[in-house]
Amino acid sequence: MLGALSQEVSRNMSSRPVTVSAELQVALVVPGATSLPVKASLAYDAIDPYAVRVTFHTGAGDAVQWTFARQLLTDGVTAPTGVGDVRTWPAGSDRGPVVCLSLSSPSGNALFEIPVPELVEFLTMTYAAVPTGAETDHVDVEAELADLLLIDPEG
């Protein structure tokens, strides 16, 4: 069944959320067959303010994780967006409004339907953690450059 949602928010001392996570059921679209329910974990961390991680739990302890721009999910609620490996667009299904999430990799392609109400609730919480335009306030540019250049930021 789509629509099961549980969320967890961790907060820092200022009581602003710094991480947001949600567990929900999505549908894996199978051409020529009935869609399959898949448990998905969505995670957002203010340390990486532009990104969302989605982990698909495929059973038997297996999981597949994708990381992509939060904006792709946000824009996909109202319009088609994305190019290449990750694309999103709004659609309707027999379960109500969904955001279609198309993922492509060298090992295959997958199309998921994410229920809009649960996705919007998750995204709303991420924007409470880090509002649009405030992402750079959460990025340690010197540390990121040090990582890229393999430099010790302390020394």
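The model is predicted, with local features requiring pLDDT of at least 70 and side-chain atom pairs pLDDT 80 or more, whereas totals for chains, interfaces and linings use all residues. Residues are numbered from 1 along each chain as its sequence is written, and side-chain values use heavy atoms, without hydrogens and water.

Leu103 touches Phe56, Trp66, Phe68, Asp85, Val86, Gly108, Asn109, Ala110 and Phe112, not counting residues up to four places away in sequence; contact means heavy atoms within 4.5 Å.

The lining of the largest pocket contains eight nonpolar, five polar and no charged residues. At least two lining residues come from each of β4 (51-59), β5 (62-69), β7 (96-105) and β8 (108-115), and β8 gives the most, with four.

Thr126 lies in helix α2 (residues 116-129); helices (H or I, at least four residues) and strands (E, at least two) are DSSP runs numbered from the N terminus. Thr126 is buried, with a relative accessible area of 0%, where buried denotes under 20% relative accessible area (1.4 Å probe, protein chains only). Not counting residues up to four places away in sequence, Thr126 touches Val20, Tyr44 and Arg70.

How values were computed. Buried < 20%, exposed > 50% of the residue type's maximum accessible area, 1.4 Å probe, protein only. Nonpolar A, V, L, I, M, F, W, Y, C, P; charged D, E, K, R; others polar.
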